[in-house]
Amino acid sequence: MADIAKTLPLKRSSVQSAHERIKQHIHRTPVLTSTTLSNLASTPQTPESLIGTPFEGQTPAHPKINFFFKCENYQHIGAFKARGAFHALSRLNEEELSRGVVTHSSGNHAQALALAARTYGIPAHIVMPTISTPSKIAATQGYGAKVYFSGSTSDEREAVVKDVIKDTGAILVPPYDHPDIILGQGTMALELEEQAAELVREDPTLSVHHNQKEGMNGHVNGVDSTHNSSPSRLDAVIAPIGGGGMLSGIATALHGTGTFVFGAEPSFEGADDTRRGLATGKRIPTVKTLTIADGLRTPVGEIPWTIISDKSKLRGIYAVTEEQILAAMRLVLERMKVFVEPSAVVGLAVALYDEEFRHLVEKEGGEKGWNVGVVLSGGNTTVEAIGKMFAVSEQKGERQEGNMGEQGGRKWLRMSPVENGRCDM
């Protein structure tokens, strides 16, 4: 990679520069809204649904939330990773590019770097564990990369990468732990805030602040506010975190804008390493988990950690269960008709089911509530895998439906087609 000492500083203006560099190579993925999911998030969970959770016995929160979904599952290679890969290559000089690039990845970053390398007309060497999904191996090879196989541990992968670098002189492009990757991933946040504002201008009722008038000097309805005062503002953005390249990029892009940034993780088998690390003030370097959110099985990187552990840039991290991830995934698949992988919906699951987050929105958003941007990070899964995920007992399946209650509980709403960026359901 480019010498870290020569990279751009990790700030919003650098993300804007990164966007200018890569916008010709990436999709400006759509931002969708969903009345169904916003109404569901704005309805209290039933007390019964909280039994067996850390929130058992509490009065369920009653926040007001309007969602804006950034659909990175429609990005090149089916995930956000293309942004970082293209930016990383754009920062290499001609001599470095001529040597080709190398990385180790079991999936999305492998495909993203292979595509970017093909676009630049340079060799790509990808080290993949032998247990990688066959479709991801095939896709990586399909972009013209040379695939090398390794064991599944990071030590085994890195050993093969060292051999490839020794033999080819290729430049290492890590999946998340580098400023160029972070800045590239952060470009989605610039698009999200712009696209959400465009949607609200077309239909002001999409915003919880649609009756709010913007005054001068940051005053809203005569009240001085330290938060972003635009009626079309995003009050918060929530995104998944694995290695942290995307979340730290979003936090960098939105720092100083008045939009709070939150992270979301699975809790299964210690996958919530970032949340636990923040609680102790120390990064956790290893994670061993078989969470269904397989894209989030990676410990947060050292450079992303410096951003994520900064309270002025990241408001908080929340974690959700496997059952909650599946429930959120079912909603996106069935109600929004959007094809996503489990890792993509952990942020939505937090907004729907985590009472700590929901009470925060209720407290700080008040009667108006919050506009919440949710990053759907990717859609690289298969019909067969989805079938296995939802091959559950009827009793468990009922819980995955979101614990719809009869009186005062959550109920499904009528569905209608997607139109003009809006899933009006």
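Leu 10 touches Pro 179, Ile 182, Leu 183, Thr 252, Ile 303, Ile 307 and Lys 313, leaving out residues up to four places away in sequence; contact means heavy atoms within 4.5 Å. This is a predicted model, in which local features need pLDDT of at least 70 and side-chain atom pairs count only at pLDDT 80 or more, while totals for chains, interfaces and linings use all residues. Residues are numbered from 1 along each chain as its sequence is written, and side-chain values use heavy atoms, with hydrogens and water left out.

Leu 10 belongs to the segment before helix H1 (12-22). Helices (H or I, at least four residues) and strands (E, at least two) are DSSP runs, numbered from the N terminus. With a relative accessibility of 25%, Leu 10 is partly exposed; buried means under 20% relative accessible area, exposed over 50%, and partly exposed in between (1.4 Å probe, protein chains only). The C-alpha atoms of Leu 10 and Ala 253 are 8.7 Å apart, although 243 residues separate the two along the chain.

Ala 253 also takes part in a helix pair: Met 188, Ala 189, Leu 190 and Glu 193 in H9 meet Met 246, Ile 250, Ala 253 and Leu 254 in H10. By class, this contact of H9 with H10 has 7 nonpolar, no polar and 1 charged residues. Ala, Val, Leu, Ile, Met, Phe, Trp, Tyr, Cys and Pro count as nonpolar, Asp, Glu, Lys and Arg as charged, and the others, Gly among them, as polar.

A second pair is formed by H14 and H15. Val 350, Ala 351, Leu 352 and Tyr 353 in H14 meet Glu 355, Phe 357 and Arg 358 in H15. The residues of this contact of H14 with H15 are 5 nonpolar, no polar and 2 charged.

The table gives the geometry. Axes are lines fitted to C-alpha atoms, for helices over the stretch in contact, and angles run from 0 to 180 degrees between N-to-C directions.

| Helix pair | Angle | Axis distance |
|---|---|---|
| H9 (residues 187-202) and H10 (residues 245-254) | about 55° | 7 Å |
| H14 (residues 346-353) and H15 (residues 355-365) | about 70° | 6 Å |

Asn 66 lies in strand E2 (residues 65-71). Asn 66 is buried, at 9% relative accessible area. A polar atom of the Asn 66 side chain is 2.8 Å from the backbone oxygen of Leu 206. Leaving aside neighbours within four places in sequence, the contacts of Asn 66 include Ser 38, Thr 205, Leu 206 and Trp 370.

How values were computed. Polar contact = N/O pair within 3.5 Å; in protein donor to acceptor, adjacent residues only side chain to side chain.
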